[in-house]
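Let's take a friendly walk through a protein model, one region at a time. Keep the sequence and the 3D view open beside you as you read.

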Amino acid sequence: MSLEVPASQQRRCAVHPDQPAGGTCTRCGSFICADCATSVPGLGVRLYCVACAARPDVNYLEALRQRYQGRRDEWAWVVAGVTLLLCVATAAAVAQWGLRATKASLLPLVLLLPVPVGVAFFLGRRWARHALLPTPLVMAVAADVLYRDGRFLFFLCAIPGLLTALRIHRDVRNQLFFRLPVSAGSLKLLWDLRFNNPLARQALRFGFSAVFMPLLAPVALFCGAVALTRVDLKATPPIDRRGQAVAGIVLGLVSPAVWGFVLLPVLDRWLSSMVYK
C-alpha cells in the first residue's frame, strides 16, 4: 500500500494552482503556497495571502497609510502660516517705507520669493517639496544682491530655514500628505511615534526634565505609571515601550533625591559663603 497522496488530491494554492499549498490564510482561509504566504509586521507568526495582508483591517501599517495619505499634516499648515506672515510683512514694509528706484528699497520684496512655493506646498504639489529646500538660500542670495552690507546676516538667517526644510522633506507624515511611496519600515516608525504608547515617551521626557526641574518629577511618575498599565504585548499590534516608562519613573524618583541630598546642600553652602564673605 502506497502512502503517497495522489497529485489530484493534494491541496493547491488558490493563486498558483500548479504549486502545492503549505497552509491557509489566517483571515480568509484560502490555501496559500510559499510564494503567497505573507506576514504582517507586529502580528507575530500569522500568515496571510497577499490580498488579505494588504487590507487595512489586517495590516495596521496599511491602515495608517490610508488614514494620512493625501491629508494635510502639521507642516503644511506651518508653511501656509509662514507664507501668510511673509505677505503681511511685505505689505507693511512697503506701506511704511514705499518703493523707490534703489536696490535697498526693493529689499522687502525678497520676502515674496517663497510665496509661490508656500502656496503650492499647501496645495500638495510635489515639486514644492523639493523647491522648499533651496528657497532659504535663494532668498539670502537675492537679499545679498540688493544689499551687500548684510551678507553675513542674510546667510545666517538662511541656516534655520534650510534645516527646517530638510526636516520637512524627510518627514514621513509629510510624505504621506504628498501621496509619495513610503516603506513599511518608515510607516512602523511613524506608528511607534504616534500610537505605540506615546505616554511612555512623555514620561521619559519629563523624567529627564526633572533632573533640572524637580517639580516635574510627579508628572514623570504619573505618566510612567499610566504608561505601564497600557503595555499589552498580546494586542494587535503589540503596545510596548516598557523601558521608557520605567526609565521615566526611575528618573522621577531619583531627581528629587539628588536635589534634596546633594545639590541643595551644596547650593546652600555656596550662598552662605557669598552672603558672609
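## A glycine after a helix

Which residue takes a positive phi just after α2? In this predicted model, the residue is Gly-70, and its phi is about 80°.

## The whole chain

The protein chain has 277 residues, and 32% of them count as buried. Its secondary structure comes to 12 helices and four strands.

How far can you trust the picture? The mean pLDDT of the chain is 84, with 87% of residues at 70 or more. Residues 1-5 are a place for caution: pLDDT stays under 50 there, and the model gives this stretch one contact beyond four places in sequence. Where pLDDT is low, the predicted coordinates should not be read in detail.

## Where α2 meets α9

Now find helix α2 (residues 60-68) and helix α9 (residues 184-194), which pack with their axes 10 Å apart and at an angle of about 80°. Angles from 65 to 115 degrees count as roughly perpendicular, and α2 and α9 are therefore roughly perpendicular to each other. On the α2 side, the contact is made by Tyr-60, Leu-61, Leu-64, Arg-65 and Tyr-68. On the α9 side, Ala-184, Leu-187, Lys-188, Leu-190, Trp-191 and Arg-194 take part. Sorted by type, the residues of this contact are eight nonpolar, three charged and no polar.

Which residues of α2 are buried? They are Tyr-60, Leu-61, Glu-62, Leu-64, Arg-65 and Tyr-68. These buried residues pack against α8 as well as α9. Here is a general idea to keep in mind as you turn the model: an α-helix has 3.6 residues a turn, so residues three or four places apart point the same way.

## A covered helix, α4

Next, look for helix α4 (residues 115-122), which is mostly covered, with six of its eight residues buried. Those six are Val-115, Val-117, Gly-118, Ala-120, Phe-121 and Phe-122. What do they pack against? Their partners are α3 (74-97), α5 (126-131), α6 (135-146), α7 (151-170) and α8 (172-177). Just after α4 there is another glycine to find: Gly-124 has a positive phi of about 85°.

## The largest nonpolar core

In soluble globular proteins, nonpolar side chains tend to be buried together. The largest nonpolar core of this model has 14 residues, and those that touch the most other members are Ala-76, Val-79, Phe-121, Ala-128, Leu-132, Ile-168 and Phe-178. Helices α3, α4 and α7 each supply at least two residues of the core. The largest share, four residues, comes from α4.

Setting aside neighbours within four places in sequence, Phe-121 is in contact with Trp-75, Ala-76, Val-79, Ala-128, Arg-129, Leu-132, Ile-168, Asn-174, Phe-177 and Phe-178.

## Two loop residues with positive phi

Asn-197 is not a glycine, yet it has a positive phi of about 50°. It sits in the loop between α9 and α10 (198-212). Is Asn-197 buried or exposed? Its relative accessibility is 3%, so Asn-197 counts as buried.

Arg-241 is also not a glycine, and its phi is positive at about 70°. Look for Arg-241 in the loop between α11 and α12 (242-275). With a relative accessible area of 16%, Arg-241 is buried, because buried means under 20%.

Phe-222 lies in helix α11 (residues 217-229). At 58% relative accessibility, this phenylalanine counts as exposed. Gly-252 is 30 residues away along the chain, and the C-alpha atoms of Phe-222 and Gly-252 are separated by 9.1 Å.

Ala-142 lies in helix α6 and is partly exposed, with a relative accessible area of 22%. Which residues does Ala-142 touch, not counting residues up to four places away in sequence? They are Val-110 and Leu-113. Although Ala-142 and Val-110 are 32 residues apart in sequence, they are 6.7 Å apart in space, C-alpha to C-alpha.

Conventions
Residues are numbered from 1 along each chain as its sequence is written. Side-chain values use heavy atoms; hydrogens and water are left out. Axes are lines fitted to C-alpha atoms, for helices over the stretch in contact, and angles run from 0 to 180 degrees between N-to-C directions. Angles under 35 degrees count as roughly parallel, over 145 as roughly antiparallel, 65 to 115 as roughly perpendicular and the rest as oblique. Contact means heavy atoms within 4.5 Å. Ala, Val, Leu, Ile, Met, Phe, Trp, Tyr, Cys and Pro count as nonpolar, Asp, Glu, Lys and Arg as charged, and the others, Gly among them, as polar. pLDDT is the predictor's confidence in each residue, from 0 to 100. Buried means under 20% relative accessible area, exposed over 50%, partly exposed in between (1.4 Å probe, protein chains only). A nonpolar core is a set of buried Ala, Val, Leu, Ile, Met, Phe, Trp, Tyr and Cys residues joined through side-chain atoms within 4.5 Å.
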